[in-house]
Amino acid sequence: MGFTKELDEPSSRGQLSRISPEQKNVKYRFCLSPDEEAIIFSGAESGSSKNLVQLWKITSSGSFSSQKITSGGSKDKVSPSFTKDGKFIFYSSEGQIRKV
């Protein structure tokens, strides 16, 4: 038993395709920009022994490579959210709210 027929039969809405890069381990949640052109997500680079989480930006079409938008040694950059005008991103890291 599933949620709804629409969710149980995604092929009825078209072909599903992966848009996140293969080498990124997407964690927690993602956020669509106000103009719907970009997606920000929390992810760790596959193969990294440190498993540090960064925020990454991709196009919503998935046609371009990812761009790392944070750096540093945190393991918990989560819950990214755009401002209404799309100029800034707020996220939680190490118990603090941060802005990029």
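**Close-up views of the predicted model**

**Figure 1. Phenylalanine 41 and tryptophan 56 are bridge partners, the latter lying in strand S3.** This view, like those that follow, is taken from a predicted model. Strand S2, residues 38–45, and strand S3, residues 53–59, pair in the antiparallel sense over 7 bridges. Of the 8 residues of S2, 7 are buried, so this strand is largely enclosed by the rest of the structure. In a regular strand, side chains alternate between the two faces of the sheet.

**Figure 2. Asparagine 51 occupies the loop between S2 and S3.** Asparagine 51 and aspartate 76 are 25 residues apart along the chain, and their C-alpha atoms are separated by 10.0 Å.

**Figure 3. Serine 93 is a buried residue of strand S6.** The strand spans residues 89–93. The relative accessibility of serine 93 is 2%, and this residue therefore counts as buried, the cut-off being under 20%. When neighbours within four places in sequence are left aside, the contacts of serine 93 are Ser74, Asp76, Lys77 and Arg98.

**Figure 4. Arginine 98 and glutamate 94 form a salt bridge.** The closest N and O atoms of the pair are 4.0 Å apart. A search of the whole structure finds 1 salt bridge. Arginine 98 has a relative accessibility of 33% and so counts as partly exposed. Arginine 98 is also among the residues in contact with serine 93.

**Figure 5. The largest pocket has a volume of about 160 Å³.** Its lining is formed by Ser33, Pro34, Asp35, Glu37, Ala38, Lys57, Ile69, Phe82, Gly86, Lys87, Ile89 and Val100. By class, the lining residues comprise 6 nonpolar, 2 polar and 4 charged.

**Figure 6. The protein as a whole contains 1 helix and 7 strands.** This last panel sets the close-up views in context. Read from the N terminus, the elements follow the order α-β-β-β-β-β-β-β. Of the 100 residues in the protein, 30% are buried. Among contacts between residues at least 6 apart in sequence, 26% join residues at least 24 apart.

Notes
Residues numbered from 1 in each chain as written. Predicted model: local features only at pLDDT ≥ 70, side-chain atom pairs only at ≥ 80, totals over all residues. Heavy atoms only, no water. Buried < 20%, exposed > 50% of the residue type's maximum accessible area, 1.4 Å probe, protein only. Helix = DSSP H or I, 4+ residues; strand = E, 2+ residues; numbered from the N terminus. Pairing = 2+ DSSP bridges. Salt bridge = Lys/Arg side-chain N within 4 Å of Asp/Glu carboxyl O. Contact = heavy atoms within 4.5 Å. 1 Å grid on protein atoms, 1.4 Å probe; cavity = no way out; pocket = protein on both sides within 12 Å on 5 of 7 lines; lining within 4 Å. Points joined across faces, edges and corners; volume = space filled by probe spheres on them. Nonpolar A, V, L, I, M, F, W, Y, C, P; charged D, E, K, R; others polar.
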